[in-house]
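This report describes how two ligands are held and how selected local features are arranged.

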Amino acid sequence: MKGKIALVTGGMGGIGTAICRQLAQQGAVVIATYNRGGDHLAAKAWQEEQRQQGYEISIHYVDVSDFNSCQTMVQVIHSQFNCIDILVNNAGITRDVQLYKMNLEQWQAVLQTNLDSLFNVTRHVISHMIERRYGRIINISSINGQKGQFGQTHYAAAKAGIHGFTKSLAQEVARKGITVNTISPGYIVTPMVMSLSDEIREKIIAQIPVGRLGTPEEVARAVVFLASEESSFITGSNLTINGGQYLL
Ligand code: CAA
Ligand code: NAP
């Protein structure tokens, strides 16, 4: 993986940070995207924190729910780094609410950030990968796209949609040296899960056979595996990392 250019959307979040660090450890040149509501100083502070811990990671602003923002980001990265070898579509949000109370803004925000984002980013990356006949694309879905979840009709629909995207694109680019895979994490210790109430979180942990939440590092290890040159015969697949909470 040495010298490969890796773009990680949501690279400053809980899982994203672990992915960036592990890819960097393997010798990849890593670019973490951020949104942070446009708070560029907060993004620079994250970058500095990584630097102090020995990780040199480039950063780039993007709104993954916006096609034009993604186009601009990819154009700038291509001009700076020449190519993107590894794309991790990781950015995502939750807006948990039952359907009968959900408003259009909540539905659209979740679908646009978790699913449209795959089109918005990958569309601008894929042509260069095809030209160069190499690429690794890893899409981060969720256990809740597989099993459904009370309060997540929008999130589960978006995360389930990722499987169709992955399997279709995998077929389109299989002969071009590009693999496309999905990872479906279960409940992982990140702000997304830690913002749930203690009571809800305890109920969730009780449903996990391993008896605990997963760690971002456990997800990142799988990303590194699928991003490596060696996993060239794995494409269109879905890797579940959920402590046994949902078994297909
Ligand atoms: N199954 C069945 N009924 C449930 C339920 C469940 N899982 N959760 C709540 N209810 C019921 C309650 O018992 C209550 O019933 P009564 O009215 O009969 O007493 C009713 O729903 C309460 O409904 P409200 O809409 O008023 O509840 P609320 O607004 O307080 O909360 C919720 C609803 C926001 C969905 C809340 O239950 C919640 O946050 N649940 C957790 C959802 C979850 O797991 N999100 C994952 C976030 S992390 C993530 O998404 C990462 C990932 O990919 C894994
Ligand atoms: P997180 O810490 O909240 O990180 C989410 C990331 O998404 C943040 O870095 C955020 O960027 C980015 N993001 C959100 N909206 C964006 C937008 N419009 N444009 C660009 N970036 C945006 O959550 P996480 O747990 O690490 O989640 C990472 C991925 O894993 C998500 O796709 C999530 O659905 C999935 N997942 C998480 C779990 C879990 O249990 N934690 C389980 C299964 C799947 P900024 O912070 O810069 O705004």
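## Ligand surroundings and local features

In this predicted model, an oxygen atom of ligand 2 lies 3.1 Å from a polar backbone atom of Gly13. The backbone of Asn35 also takes part, with an N or O atom 2.8 Å from an oxygen atom of ligand 2. Asp63 contributes through its side chain, where an N or O atom is 2.9 Å from a nitrogen atom of ligand 2. On its own, ligand 2 has 890 Å² of accessible area, and the protein covers 89% of it. Ligand 2 is surrounded by 29 residues, the closest being Arg36, Asn90, Tyr155, Ile188 and Thr190.

Ligand 1 is surrounded by 19 residues, and Asp96, Gln98, Lys101, Ser142 and Tyr155 are the closest of these. The shell around ligand 1 consists of 9 nonpolar, 8 polar and 2 charged residues. Three helices, α5 (143-147), α7 (191-194) and α8 (198-206), each provide at least two residues of this shell.

Side chains approach oxygen atoms of ligand 1 at Ser142, at Gln152 and at Tyr187. Taken alone, ligand 1 exposes 1100 Å², of which the protein buries 55%. The polar contacts described for both ligands are collected below.

| Residue and part | Ligand atom | Distance |
|---|---|---|
| Ser142, side chain | oxygen of ligand 1 | 2.5 Å |
| Gln152, side chain | oxygen of ligand 1 | 2.9 Å |
| Tyr187, side chain | oxygen of ligand 1 | 2.9 Å |
| Gly13, backbone | oxygen of ligand 2 | 3.1 Å |
| Asn35, backbone | oxygen of ligand 2 | 2.8 Å |
| Asp63, side chain | nitrogen of ligand 2 | 2.9 Å |

Helix α8, which supplies at least two residues of the shell around ligand 1, has Arg201, Ile204 and Ile205 as its buried residues. These residues lie on the same side of α8, because they cover an arc of only 100 degrees around the axis. Glu199, Lys203 and Ala206 are exposed on the other side of α8.

The cysteines can be considered next. A disulfide is a covalent bond between the sulfur atoms of two cysteines. With a cut-off of 2.5 Å between cysteine sulfur atoms, the count comes to 0 disulfides. For Cys70, the closest cysteine sulfur is that of Cys20, and the separation of 16 Å is too far for a bond. Cys70 is buried, with a relative accessible area of 0%. Cys83 counts as buried too, because its relative accessibility of 7% falls under the 20% limit.

Arg36 has a phi of about 50 degrees and is located in the loop between β2 (29-34) and α2 (40-52). Asn82, with a positive phi of about 80 degrees, is found in the loop between α3 (67-81) and β4 (86-89). Asn82 counts as exposed, because its relative accessibility of 57% is over 50%.

Conventions. Residues are numbered from 1 along each chain as its sequence is written. Chains are lettered from A and ligands numbered from 1 in the order in which they are written. This is a predicted model: local features need pLDDT of at least 70, side-chain atom pairs count only at pLDDT 80 or more; totals for chains, interfaces and linings use all residues. Side-chain values use heavy atoms; hydrogens and water are left out. A residue is near a molecule or strand if one of its heavy atoms lies within 4 Å of it. A polar contact is a pair of N or O atoms within 3.5 Å; within protein, one must be able to donate a hydrogen and the other to accept it, and residues adjacent in sequence count only if both atoms are side-chain atoms. Accessible areas come from the Shrake-Rupley method with a 1.4 Å probe; for residues, only the protein chains shown count as cover. Helices (H or I, at least four residues) and strands (E, at least two) are DSSP runs, numbered from the N terminus. Ala, Val, Leu, Ile, Met, Phe, Trp, Tyr, Cys and Pro count as nonpolar, Asp, Glu, Lys and Arg as charged, and the others, Gly among them, as polar. Buried means under 20% relative accessible area, exposed over 50%, partly exposed in between (1.4 Å probe, protein chains only). The arc is that of the directions from the helix axis to the C-beta atoms.
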